[in-house]
Amino acid sequence: MKLIHADIVYSEDRTHLAVHPDSYIAVEEGIVKGVWTEIPEEYRNVPLTDYGNAVLIPAFSDLHVHAPQYLNRGLEMDLLLADWLDKCTFPLEAKYADPEFAKLVYDAFVDDMIANGTMHACVYGTIHTEATSYLIERMDRRGIKGFVGKVNMDRNAPDDLLEDPEGSVRRTEELLEKYSGNRNTRPILTPRFAPTCTRELINDLGRLGRKYSVGMQTHLVESIWEAEQARILFPECTCDTEIYERAGLMDNGPVIGGHFIFPSEEDIHIMQKYDSYAVQCPDATVSVIAGIMQTGALLDRGMKIGLGSDISAGHHIGVYTQAARAVQLSKLKQFYEPEGNRKITFPEAFWMATKQSGPLFGGTGSLEPGSVFDALVIDGLSDAARQLTPEQTVERFCYIGTKENIKVRYMNGETIE
Ligand code: GUN
Ligand code: FE
């Protein structure tokens with residue numbers, strides 16, 4: 001049992017932040033018991049940690065990130081998707097055939113995620129089983145709640161990244177067998193995207209989905225080019241999302257669809273039917289995809305939307321930065337395409353980065369009673385001439401903060417380095 005004093009901020013709902021200045025939060029066995037302005041009688045003897053007027057917020061959730069691409073962040077950002085994959089991304093991913101190389105990168109990746117306050121994540125590996133096993137084990141050991149996918153691809157990529165469908169599915173199943181019972185980080189099916197997967201591969205993954213119910217992540221209607229390729233390569237389907245629905249991949253565990261920038265009505269219908277998550281990755285879509293999600297309109301239709309760093313199409317490992325970028329992009333969307341689009345507010349963006357995906361990770365993303373206490377203490381954002389309010393501190397952190405502003409990190413109620 002512990003008691004913490006700070007200014008406390010979390011999402012109350014999609015449009016409101018709950019702000020508790022100068023308050024106390026009690027945590028028992030990693031779960032929040034309550035938030036009060038005075039210490040309740042029953043907790044008077046519980047040890048107190050006082051963070052003064054630093055701000056306590058929930059840890060962040062990154063719903064779309066490529067661990068192997070960590071080495072490429074901030075590089076070759078003048079390319080567009082197809083060229084960027086061919087010239088920059090696939091050559092790097094091929095190197096993960098070497099498990100020693102993978103370990104070096106994945107250790108640094110996981111440490112940097114935690115340092116930047118990301119404690120829940122949906123992560124892509126590569127096609128390589130050994131490297132991906134290491135990534136799952138490493139994340140699980142460090143306590144990151146979430147999912148890791150061994151990527152599946154059997155066409156339209158360099159030879160050293162292609163698998164035959166049978167081998168791809170067999171190796172994926174090995175990982176499902178070995179790690180589906182993990183405490184924190186579990187495997188998830190990860191057909192990369194429609195252009196690099198055959199119908200046979202996707203159908204076979206659908207069979208694994210039915211057997212293991214582990215869910216699926218992929219890239220969905222991420223660019224005009226990708227959506228066109230999907231239509232050409234899967235002419236039997238009217239939209240990208242239907243490719244996966246037909247294989248039974250939409251209703252066996254959570255579905256996390258990266259980008260979702262150019263959805264048809266049918267794409268939206270299918271995603272909502274299965275209560276799936278779309279993921280906005282603002283930096284990535286500015287850099288290599290050149291499209292802006294209709295975030296405000298989709299939120300108004302009740303779509304579940306989380307945020308992703310999409311390293312390395314996005315360049316910033318801290319997904320909190322993407323909350324700021326989502327607000328900025330929503331304004332551009334409204335400006336250039338006013339019909340049916342609206343800007344989003346900062347509380348909406350913060351909610352997408354925290355509470356919205358809480359159920360995916362076992363009740364994270366909030367500090368209300370019953371939440372898993374994965375939390376950050378942020379500080380050092382005020383000016384000498386102006387003390388920020390708690391909600392201003394959170395907003396400024398997302399715009400100009402760095403990991404140095406995260407003074408303390410709690411995971412399951414315990415501090416971690
Ligand atoms: N589409 C297929 N693969 C990728 C990838 O690695 N990153 C992004 N952003 N889009 C993709
Ligand atoms: Fe991606």
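Is L332 buried, partly exposed or exposed, judged by its C-beta neighbours inside 10 Å? L332 counts as partly exposed, because 13 C-beta neighbours fall inside 10 Å. The cut-off for buried is 20 or more, and exposed means 12 or fewer. The model behind this answer is predicted.

## Overall build

The protein has 417 residues, and its radius of gyration is 21 Å. A compact globule with that number of residues would come near 22 Å, so the value agrees with a compact globule. Along the principal axes, the C-alpha atoms fill a box of roughly 65 × 50 × 40 Å. Of the 417 residues, 55% count as buried.

The secondary structure comes to 13 helices and 17 strands. Take the contacts between residues at least 6 apart in sequence: 75% of them join residues at least 24 apart.

## Two domains

The domain assignment gives domain 1 (2-58 + 365-416) and domain 2 (60-361). Domain 1 is therefore written as two stretches of sequence, and domain 2 as one stretch. The C-alpha centres of the two domains lie 30 Å apart.

Contact between the domains involves 22 residues of domain 1 and 23 residues of domain 2. On the domain 1 side, α13 (390-400) and β16 (406-411) each supply at least two residues. Helix α13 gives the largest share, five residues. By class, this side of domain 1 divides into 10 nonpolar, seven polar and five charged residues.

## The nonpolar core

The largest nonpolar core has 121 residues. Those with the most contacts inside this core are I25, L56, I57, V123, L135, A323 and A353. Helix α2 (residues 99-115) gives the most to the core, with seven residues. Both domain 1 (2-58 + 365-416) and domain 2 (60-361) give residues to the core, so the core lies between them.

Leaving out residues up to four places away in sequence, I25 touches I4, I8, V32, V35, L56 and L367. One of these partners, L56, is also among the residues with the most contacts inside the core.

## Around ligand 1

Which residues are around ligand 1? They are H66, L85, T89, R192, F193, H219, E222, A284, V288, D310 and A313. Two elements give two or more residues to this shell: α1 (81-94) and α9 (282-289). By class, the shell has five nonpolar, three polar and three charged residues.

## Backbone details

The peptide bond from I311 to S312 is cis, with omega near 5°. S312 lies in the loop between β14 (304-307) and α11 (320-336).

Two residues other than glycine have positive phi. A290 has phi near 60°. A290 is found in the loop between α9 and α10 (295-300). With 13 other C-beta atoms within 10 Å, A290 is partly exposed. N412 has phi near 50°. N412 lies in the loop between β16 and β17 (414-416). N412 is also partly exposed, because 17 other C-beta atoms lie within 10 Å.

L332 has its place in helix α11. L332 and K343 are 11 residues apart in sequence. Their C-alpha atoms are 8.1 Å apart in space.

Why does F234 count as buried? F234 has 20 C-beta neighbours inside 10 Å, and the cut-off for buried is 20 or more. F234 lies in the loop between α6 (224-233) and α7 (240-246). Leaving out residues up to four places away in sequence, F234 touches A194, R199 and I243. The C-alpha atoms of F234 and T198 are separated by 8.6 Å. Along the chain, F234 and T198 are 36 residues apart.

Key:
Residues are numbered from 1 along each chain as its sequence is written. Chains are lettered from A and ligands numbered from 1 in the order in which they are written. This is a predicted model: local features need pLDDT of at least 70, side-chain atom pairs count only at pLDDT 80 or more; totals for chains, interfaces and linings use all residues. A residue is near a molecule or strand if its C-beta atom, placed from the backbone, lies within 6 Å of it. Helices (H or I, at least four residues) and strands (E, at least two) are DSSP runs, numbered from the N terminus. Ala, Val, Leu, Ile, Met, Phe, Trp, Tyr, Cys and Pro count as nonpolar, Asp, Glu, Lys and Arg as charged, and the others, Gly among them, as polar. Two residues are in contact if their C-beta atoms, placed from the backbone, lie within 7 Å. The radius of gyration is taken over C-alpha atoms; the globule rule is 2.2 Å times the number of residues to the power 0.38. A nonpolar core is a set of buried Ala, Val, Leu, Ile, Met, Phe, Trp, Tyr and Cys residues joined through C-beta atoms within 7 Å.
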